Amino acid sequence: MSMTETILRVESLRKRYDSAEAVGGISFEVRRGEFFGLLGPNGAGKTTTIGMLTGWIEPTGGRVEIQGMDLSARPREAKKMIGLVPQNFAFYPTLTAGENLTFFGRLYGMRGKALEDRKAFVLGIVSLADRADQSVGTFSNGMKRRLNIAIGLLHEPALLVLDEPTVGIDAQSRNAILESLRRLNLDGMTVLYTTHYIEEAQDLCDRVAIMDRGKIIALDTPRALIQSLGKGIIRMEFHETVDEALLGRIQAYGGITWVDGPRKRAHLETDRTAAALRELLDLKETSQALFNTLDVMEPDLETVFIHLTGRALRD
Amino acid sequence: MHQILAILAKEAKILTRDRQALALLFAMPAFFILVMSYALEGVFEGGSKSRPVEVAVVNLDQGGLGREVISDLKGVEGIVLLETVNGIPLTQEKAEELIRKGKFPLALLIPETFSERAMALSMDPAQKGAVTFIHDPATSMRLLSGIKGTIQGIILRRVLLATLPARLLKEWGAEMGPFSPFPGAVSKNMERRIEEMVAKAGKGAGNGPEVTFVSRPAQGHAPGRLPSATEQNVPAYTIFGVFFILLTLASSFIQEKKEGTFQRILSAPLSKATLLIGKLLPYYLVNLVQIVLMFSVGVALFGMKLGNPAALIIVSLALALAANGLGLLVASLGKTEAQVNGLSVFLAIILSALGGMLVPAYVMPGFMKTLSLFTPHAWALAGYQDVIVRGLGVRQVLPEAGILIAFAGLFFIFALWKFRFH
């Protein structure tokens with residue numbers, strides 16, 4: 001499958017609210033057939049970005065192009081290409097699954113047998129075929145997440161956009177959803193999705209854009225990001241402020257970043273995790289440094305994020 | 001259009017499944033009409049010390065009796081007399097005009113010959129004076145009859161007192177003679193005879209009371225039938241109920257915002273205007289159904305007469321538009337469901353009270369009456385009463401409908417300026 005055709009092009013996209021800049025001029029492209037991830041902590045601007053890509057939020061500046069069509073100039077045609085799966089359960093709990101699908105299908109001009117066939121098909125994809133006539137309010141969270149995705153797929157979009165599709169569900173439902181997304185992608189569906197789960201992004205995505213405070217701070221394949229930016233990190237917490245001589249011995253292994261003001265918590269970024277750890281344990285033996293904790297992290301997207309921001313993604 | 005219908009159908013489905021909302025919108029105003037019309041009517045009507053009724057007085061009497069009646073009336077609690085406007089004594093024309101405009105519910109007209117005829121009564125019982133009441137047909141009959149009764153009693157008493165010396169002279173003049181000593185020994189007998197005389201005067205000895213009371217609506221108002229309590233309560237509580245759409249409408253907007261369904265709808269190829277129209281239309285229709293239903297209750301249970309249907313429809317269409325506009329405004333001001341619920345209930349009740357839906361505006365003090373003109377409710381009620389009570393037609397309700405549409409326009413402009421889909 002060709003991965004060279006651009007399906008979504010975002011240029012200098014900005015959103016400013018009265019008090020703050022939620023998205024500060026981001027640019028990226030998503031190629032046909034790609035599984036593209038927007039990874040970042042809560043409040044990084046991911047949902048605002050999704051809102052601007054799908055016509056829900058008016059951008060302050062910049063440009064969105066979907067299959068070569070400018071979203072603000074030709075919104076009707078451009079929006080038809082996108083299937084949105086919002087973070088919330090965006091449907092009506094007092095209606096049945098079938099009634100919800102009918103409503104959203106009609107918004108895209110679908111009707112009659114074509115609509116009924118498509119409804120049955122998408123309910124099949126998310127394993128809800130036998131629940132069409134059940135009121136959605138009675139669904140479990142996992143079923144609701146699946147219906148949420150089915151509605152996004154209904155009008156056969158070229159690009160499926162999902163905002164944190166696995167939030168708030170148990171591990172089993174989560175795996176089922178990720179598996180169906182992977183299958184959809186293998187069948188040719190282009191997927192753009194946001195998450196703050198590192199493992200998910202690492203496993204699923206062909207490419208990842210890391211977002212923080214309204215900016216994209218890195219964009220590449222997970223492997224390339226980890227190779228170029230991801231070092232091992234040892235998180236250290238001391239009882240008391242550490243003296244300079246001690247620091248000298250640790251600094252031989254890599255850079256130290258202080259995480260707090262009173263210099264009790266620090267990150268050591270290193271290529272030689274094992275050797276650095278031995279040295280630290282040796283220091284602990286000789287009681288020259290009083291550690292509370294030593295926490296070793298192997299290189300992954302989390303350590304990439306720490307390298308770029310000095311903060312942990314999960315915090 | 002297809003999309004508007006889709007949104008309308010969805011909203012209608014959701015609404016019909018929300019039994020509580022439907023109960024609030026349909027059962028509540030109907031229940032209010034029943035309870036208030038039957039039970040509480042007398043309770044909140046005016047004419048008490050704290051909420052006096054203003055009565056305009058036109059005194060044309062050449063003698064002093066008219067002035068004495070006025071002085072007596074000034075001492076009555078629950079009535080405030082108005083004899084002048086801007087320092088000029090009221091004329092009959094002016095009083096009629098003020099009542100037509102709804103400034104006063106009642107005027108009292110004392111004719112030129114009032115004293116003269118009263119004094120001639122003892123000689124010739126056919127010489128009865130006539131006092132005229134001019135009233136606003138839109139005023140509650142119960143209220144009017146109470147106040148008219150009080151005024152009639154005071155006038156009859158004053159006429160009786162004024163004519164007492166002449167009557168005594170006529171009764172006993174012959175047997176006592178001008179120089180007879182006061183017959184103390186027969187005082188028991190005398191007391192009985194005075195009582196008989198007073199009773200006779202009150203009844204008018206078969207010719208009706210000593211004063212004739214004429215009651216008619218102000219000139220220019222449709223004459224004849226007076227409004228019933230129902231004809232005032234049904235439109236008032238209908239308007240009250242119509243504005244409860246605020247609650248359902250605004251909270252449904254907030255819910256869609258919160259649930260993310262607006263986000264999803266707007267990601268489909270449709271405009272925000274299409275979404276808004278599709279979303280508001282069902283609530284507009286619900287309002288119209290409410291109005292039809294409430295008026296049907298009035299007709300079926302109380303035999304209310306409706307008047308010109310086209311005029312009623314025009315007022316109703318404009319009223320529902322104003323209610324929907326205010327609903328969207330509430331939705332645009334509140335951030336959470338609790339906020340819009342609180343604001344909706346507050347506005348629905350306060351504006352109804354201010355507009356004269358719960359307590360008639362004519363018993364309110366002056367500044368409250370002025371304030372009521374700033375509610376769409378007061379104009380809707382005026383429109384309905386023009387048609388139902390005063391028998392007016394399409395042309396005459398256009399000003400009220402126009403003002404309601406202006407209210408709606410203001411609400412929509414402000415709401416659309418403030419409203420955010422996210």
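Modeller: A residue is called buried if 20 or more other C-beta atoms lie within 10 Å of its own, exposed if 12 or fewer do, and partly exposed in between, with the C-beta atoms placed from the backbone. The model is predicted, so local features are taken only at pLDDT of at least 70 and side-chain atom pairs only at 80 or more, while totals for chains, interfaces and linings use all residues. Residues are numbered from 1 along each chain as its sequence is written, and chains are lettered from A and ligands numbered from 1 in the order in which they are written.

Biologist: Why does Ile350(B) count as exposed?

Modeller: Ile350(B) has 11 C-beta neighbours inside 10 Å. The limit for exposed is 12 or fewer, so Ile350(B) counts as exposed. Ile350(B) is found in helix H13 (residues 337–355) of chain B; a helix here is a DSSP run of H or I with at least four residues, a strand is a run of E with at least two, and both are numbered from the N terminus. From Ile14(B), Ile350(B) is 336 residues away in sequence and 29 Å away in space, C-alpha to C-alpha.

Biologist: What makes Gln67(A) partly exposed?

Modeller: The count for Gln67(A) is 17 C-beta neighbours inside 10 Å, which falls between 12 and 20. Gln67(A) sits in the loop between strand E4 (61–66) and E5 of chain A. Its phi is positive, about 45°, although Gln67(A) is not a glycine.

Biologist: Why is Arg213(A) partly exposed?

Modeller: Arg213(A) has 16 other C-beta atoms within 10 Å, so the count again lies between the limits of 12 and 20. The residue is in the loop between strand E9 (207–212) and strand E10 (215–220) of chain A. Arg213(A) also has a positive phi, of about 50°, and is not a glycine.

Biologist: Why is H5(A) said to be largely enclosed by the rest of the structure?

Modeller: Of the 13 residues of H5(A), 11 are buried, so the helix is largely enclosed. Among them are Met143(A), Lys144(A), Arg145(A) and Leu153(A). The cover over the buried residues of H5(A) includes E6, H3, helix H4 (112–125), strand E7 (159–163) and helix H6 (171–186) of chain A.

Biologist: How does the span of H5(A) compare with the one expected at 1.5 Å a residue?

Modeller: Helix H5 (residues 141–153) of chain A reaches 19 Å from its first C-alpha to its last, close to the expected 18 Å. The expected span is 1.5 Å times one less than the number of residues.

Biologist: Why is one side of E2 and of E5 in chain A left without a neighbour in the sheet?

Modeller: Four strands form an open antiparallel sheet in the order E2-E1-E4-E5 (chain A). Strand E2 (21–31) and strand E5 (69–70) of chain A stand at the edges with a single partner strand each, so one side of each has no neighbour in the sheet.

Biologist: How do you know that E1 and E2 of chain A pair?

Modeller: Two strands pair if DSSP finds at least two bridges between them. Strand E1 (residues 6–16) of chain A and E2(A) have 8 bridges, in the antiparallel sense, so they meet the definition. Arg16(A) stands opposite Glu21(A) in E2(A).

Biologist: What makes up the contact between chain A and chain B?

Modeller: Chain A gives 27 residues and chain B gives 20, where two residues are in contact if their C-beta atoms, placed from the backbone, lie within 7 Å. On the side of chain A, helix H2 (75–80), strand E6 (82–85) and helix H3 (97–107) give two or more residues each. The largest share, 5 residues, comes from H3(A). That side has 15 nonpolar, 7 polar and 5 charged residues; Ala, Val, Leu, Ile, Met, Phe, Trp, Tyr, Cys and Pro count as nonpolar, Asp, Glu, Lys and Arg as charged, and the others, Gly among them, as polar.
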